[in-house]
Amino acid sequence: MVQKTKQARTGAECSAEAMRQINPDVVAAYPITPQTPIMHAFSQYVADGKVDTEFITVESEHSAMSACVGSSAAGARTMTATSANGLALMWEVVYIAASTRLPIVMNVVNRALSGPINIHCDHSDSMGCRDTGWIQLYSENGEEAYENTLMAVRIAEDPNVLLPVMVCQDGFITSHSVETVELIDDESARGFVGEYHPKDALLDTDKPVTYGPLDLFDYYFEHKMQQIDAMEHAKDAIRKVFDEFGQLTGKKYDFFEGYLLEDAERVIVCANSSAGTTKVVVDELRAKGEKVGLLKPRVFRPFLAEQVVEKLKHAKSVAILDRAASFGGHGGPFFNEFRSAFHEEKEKPAIINYIYGLGGRELDLAQLRAIFEELKAVASGDVGHNVRYSGVRE
Amino acid sequence: MPEKPKGWKEIPIGGKIIEPGNSTKYRTGDWRTFRPIHDKEKCINCMICWMLCPDSAIKAGGPDCPEKGAKGASDKPSTCNFGGFDLEHCKGCGLCAANCPTKAITMKQEKEFD
């Protein structure tokens, strides 16, 4: 029987706690703010003998992801964590992990990419990774970071998927803030995650295999097609893992979480900690009788476009909030995906984009009230500029 | 490639090669622009070409091998005589021709054999 306990934990500690329960074979990591407290806590578990993990301290993030690729190919359950510039330094190996089909799980504590150098939260790091072939899960708070990390292992290792997963949480806002979180007991968590049975492990000397050979115009496209297909299989695998984990925790997990969404006329779409802030404003405006709601993506890769349409088609106006700019593009990365989902639909809401919160700029309640207010004019047909900015000084 | 290329559903994922030792099936001879030609009148069977060939595409032949060099032929049953080229694997690099002490190997453009 699953035992649930409420504890006061930071988001980073939640990720480390999930890693302790998973007890991965290998962790290779390099410190970078604001990811550091995850590995700080986890390396303490290693030092105290609470896990059996081989912890590899490396000289850079490029080496961290390279060590993860080697270890995962060897057949070890492998995890790491990083942020911003660390993720950027991993970049080429991040692609190699996905295309070599290695089920590595990485916590990404979202932080603005330099420059100018900035250590605070935005999503430019993981949004830049949207096309790397990694599954991406987003976490509103520490509890979701904990749950997503446990579920990520199962999703990544599904034999029909075999793709790496990144679990994102907001730097400082989530990673360093203490909140009450509900965790499950070690036995239930370990039972859920299960044993890892690697496919084509390099250390299986009875069955020798080659990893990473040259792949030119004759077969590269076929291997990319397999990755595309694996992302399709990931949709079923994620659904299955969500349902199974939900039976343990008594909660319901979905690709997109609606908050007072069913009859909402004006909707904000945003990920991670901003969704928590938006819920406060939704409650406040609902108390005044306004039909407002929130849609929070928990899974961005793979992107379930049909569910977006299903969840948002009844709304009159929708603001998609992007905590990342796509310089020279028409709006941010979320905006492009969510808006495209409606292209063939006849009945659809008016959709606008807000770029917000870059470099840790706060998203406060007044800004969200103003966005809901502006959605009234948008709903009445006055769309105006459909790419807007919230919280930047003129 | 002589074999019909396989579709994405038929090959191992991740670019992995799950069958050991299959490089022998790879016909590197397809890459060749220059073909080595052997002159058995000049060949002394020193086998330097056989030692240097990066693709093991020089065959070693016995005393009865029709392609064996004329001078210095060994009477040992299966080795120590030039035994011809394995043109399925010879990439035409020309190392054999460049290092032959008697200039018994010359390189000719493949198009001359079309």
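Over the face of which residue does Arg20(A) lie? In this predicted model, Arg20(A) is placed over the face of Tyr45(A), at 5.9 Å from the ring centre. A further contact of a charge with a ring involves Arg154(A), whose charged end sits over the ring of Phe192(A), 4.9 Å from its centre.

Contacts between charged side chains were then examined over the whole structure, where a search finds 34 salt bridges over all chains. Side chains of opposite charge can pair when their charged atoms come close. One of these salt bridges is formed by the side chains of Glu143(A) and Lys251(A), with a distance of 2.5 Å from N to O. This pair links distant parts of the chain, since Glu143(A) belongs to helix H6 (residues 142-157) of chain A, while Lys251(A) is found in the loop between helix H8 (220-249) and strand S9 (256-259) of chain A, 108 residues apart. Glu143(A) has a relative accessible area of 16% and is therefore buried, for the cut-off for a buried residue is under 20%. Lys251(A), with a relative accessible area of 31%, is partly exposed.

A salt bridge is also found between the side chains of Asp263(A) and Arg286(A), at 3.0 Å from N to O. Because Asp263(A) lies in the loop between S9 and strand S10 (266-269) of chain A, and Arg286(A) in helix H9 (residues 273-287) of chain A, the pair ties together parts that are 23 residues apart in sequence. Both partners are described by their accessibility: Asp263(A) is partly exposed, with a relative accessible area of 39%, and Arg286(A) is partly exposed, with a value of 21%.

In chain B, the side chains of Arg27(B) and Glu88(B) meet in a salt bridge with an N to O distance of 3.5 Å. Arg27(B) lies in the segment before strand S1 (34-38) of chain B, and Glu88(B) lies in the loop between strand S3 (82-85) and helix H2 (95-99) of chain B, so this pair ties together parts that are 61 residues apart in sequence. Arg27(B) counts as partly exposed at 29% relative accessibility, and Glu88(B) is likewise partly exposed, with a relative accessible area of 42%. Phe82(B) counts as buried at 1% relative accessibility, and Phe85(B) counts as buried at 14%. Tyr138(A) and Phe334(A) also belong to one aromatic cluster, together with Phe256(A), Phe300(A), Phe303(A) and Phe338(A).

The second largest pocket holds about 380 Å³ of space. It is lined by 19 residues, of which Glu144(A), Lys252(A), Phe256(A), Glu257(A) and Gly258(A) are the closest to its centre. The elements that give two or more residues to this lining are H6, strand S8 (178-184) and S9 of chain A. By class, the lining of the second largest pocket comprises four nonpolar, four polar and eleven charged residues.

Finally, Glu373(A) was considered, a residue of helix H12 (residues 365-379) of chain A. Glu373(A) counts as partly exposed, at 45% relative accessibility. The C-alpha atoms of Glu373(A) and Pro34(A) are separated by 34 Å, the two residues being 339 residues apart along the chain.

Note on methods: Residues are numbered from 1 along each chain as its sequence is written. Chains are lettered from A and ligands numbered from 1 in the order in which they are written. This is a predicted model: local features need pLDDT of at least 70, side-chain atom pairs count only at pLDDT 80 or more; totals for chains, interfaces and linings use all residues. Side-chain values use heavy atoms; hydrogens and water are left out. A salt bridge is a side-chain nitrogen of Lys or Arg within 4 Å of a carboxyl oxygen of Asp or Glu. Helices (H or I, at least four residues) and strands (E, at least two) are DSSP runs, numbered from the N terminus. Buried means under 20% relative accessible area, exposed over 50%, partly exposed in between (1.4 Å probe, protein chains only). Rings of Phe, Tyr and Trp (its six-membered ring) pair if their centres lie within 6.5 Å; planes under 30 degrees apart count as stacked, over 60 as edge-to-face and the rest as tilted. A charge sits over a ring if NZ of Lys or CZ of Arg is within 6 Å of the ring centre and within 35 degrees of the ring normal. On a 1 Å grid over the protein atoms alone, a cavity is a set of points where a 1.4 Å probe fits but cannot get out, and a pocket is an open set with protein on both sides within 12 Å along at least five of seven lines; lining residues have an atom within 4 Å of a point. Grid points are joined across faces, edges and corners, and a volume is the space filled by probe spheres set on the points. Ala, Val, Leu, Ile, Met, Phe, Trp, Tyr, Cys and Pro count as nonpolar, Asp, Glu, Lys and Arg as charged, and the others, Gly among them, as polar.
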